[in-house]
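Subject: Handover of a structure, with notes

Dear colleague,

Please find the structure below, together with its sequence. My notes on what was found follow directly after it.

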Amino acid sequence: MSRKKLVLTAIVLILILAIGGILAYFTDVETKTNTFQMGNIDIIVEEPSWPGNDEVVNIIPNQEVPKDPQITNNGTNDVYAFVKVVVPYENVTLEGQSAKTEQELFTYTVNEGWVEVGTAEKNTTDKTVTHVYAYAEGSEVKALLKDETTPAVFDKIKFVNMKETEFTNSAVQSQELNVVVSGYGIQTTDLNTTSKAPADIWSLLEAQN
């Protein structure tokens, strides 16, 4: 091969290598891992004054029984707290009256810090009345912080002061009457509403249950 052809061949190889170099890229990669510890909603309903077991027997008209439901936030996230109270009703005659009327068989006084949401709902099949209460300050729900406990919704319940107007047992005597208290909690942030009205927050909870 002549010197001239050798030089031309060398130039072609250099150009090929140069073109190959142009097609190469500088590259780099970096990874950052972030760890997220998930929060949780965990509430506990307690009744510190309830007399020892799940049943109070031989109750009589106008008798009061200690019952003080309260909610503790046992989770890691702040919550808005609600309590649902289901009370039986019956057609009875109250002391001082002569005619039977439908009456909730247990009454109580709601403590400060709780407000009723909407109006009570009557279930004619089960013969119960359901009340919903929100832990609130004024007209807005109040956040229940981690490890915080609400005041009791009420301190005691009283069996109505009913009387018998017939010589036969009424539908109330010798019956098991249940008062059911259920607690609910929902996170306080990133909700589908900016409202803090108890009814609006409760509607979000209802949609999940």
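Lys127 lies in the loop that runs between β8 and β9. In this predicted model, the phi angle of Lys127 is near 55°, a positive value in a residue other than glycine. Lys127 counts as partly exposed because its relative accessibility is 35%, which falls between the limits of 20% for buried and 50% for exposed.

Asn58 is not a glycine either, yet has a positive phi of about 55°. You will find Asn58 in the loop between β1 (43-46) and β2 (64-66). With a relative accessible area of 69%, Asn58 is over the 50% limit and is therefore exposed.

Two further loop residues deserve attention. Lys67 belongs to the loop between β2 and β3 (70-73). Is Lys67 buried or exposed? The relative accessible area of Lys67 is 6%, so this lysine counts as buried, the limit being under 20%. Setting aside neighbours within four places in sequence, Lys67 is in contact with Glu47, Trp50, Phe154, Asp155, Lys156, Ile157, Val179 and Val181.

The other is Thr188, located in the loop between β14 and α2. Thr188 and Tyr80 are 108 residues apart along the chain, but their C-alpha atoms are separated by 6.0 Å. Apart from neighbours within four places in sequence, the contacts of Thr188 are Asp78, Val79, Tyr80 and Ala143.

The chain as a whole

The chain contains two helices and 14 strands. Of its 209 residues, 28% are buried. Among the contacts with a separation of 6 or more, 69% are between residues 24 or more positions apart.

In soluble globular proteins, nonpolar side chains tend to be buried together. Here, the largest nonpolar core has 25 residues, and those with the most contacts inside it are Val83, Val85, Leu105, Phe106, Tyr108, Trp114 and Ile157. At least two residues of this core come from each of β4 (79-94), β9 (128-137) and β12 (156-159). The largest share, seven residues, is supplied by β4.

A second, separate core has 12 residues, including Val117, Val141, Ile201 and Leu205.

Helix α2

Helix α2 spans residues 198-208, and its buried residues are Pro198, Ile201, Trp202, Leu204 and Leu205. Viewed down the axis of α2, these buried residues fall within an arc of 150°, so they line one face of the helix. What do the buried residues of α2 pack against? Their partners are β4, β7 (114-116), β9, β10 (140-141) and β14 (180-187).

The pockets

Rolling a probe the size of a water molecule over the atoms shows where empty space is left. The largest pocket holds about 730 Å³ of space. Its lining consists of 28 residues, of which Val56, Ile59, Phe106, Gln175 and Leu177 lie nearest the centre. β12 and β14 each contribute at least two residues to the lining of the largest pocket. Sorted by class, this lining has 16 nonpolar, six polar and six charged residues.

The second largest pocket has a volume of about 200 Å³. It is lined by 14 residues, and nearest its centre are Lys84, Glu121, Thr130, Val132 and Glu206. The elements giving two or more residues to this lining are β8 (121-123), β9 and α2. Which element gives the most to the lining of the second largest pocket? That element is β9, with four residues. The lining of the second largest pocket divides into four nonpolar, five polar and five charged residues.

With kind regards

How values were computed. Residues numbered from 1 in each chain as written. Predicted model: local features only at pLDDT ≥ 70, side-chain atom pairs only at ≥ 80, totals over all residues. Heavy atoms only, no water. Core = buried A, V, L, I, M, F, W, Y, C linked by side-chain atoms within 4.5 Å. Buried < 20%, exposed > 50% of the residue type's maximum accessible area, 1.4 Å probe, protein only. Arc of directions from axis to C-beta. Contact = heavy atoms within 4.5 Å. 1 Å grid on protein atoms, 1.4 Å probe; cavity = no way out; pocket = protein on both sides within 12 Å on 5 of 7 lines; lining within 4 Å. Points joined across faces, edges and corners; volume = space filled by probe spheres on them. Nonpolar A, V, L, I, M, F, W, Y, C, P; charged D, E, K, R; others polar.
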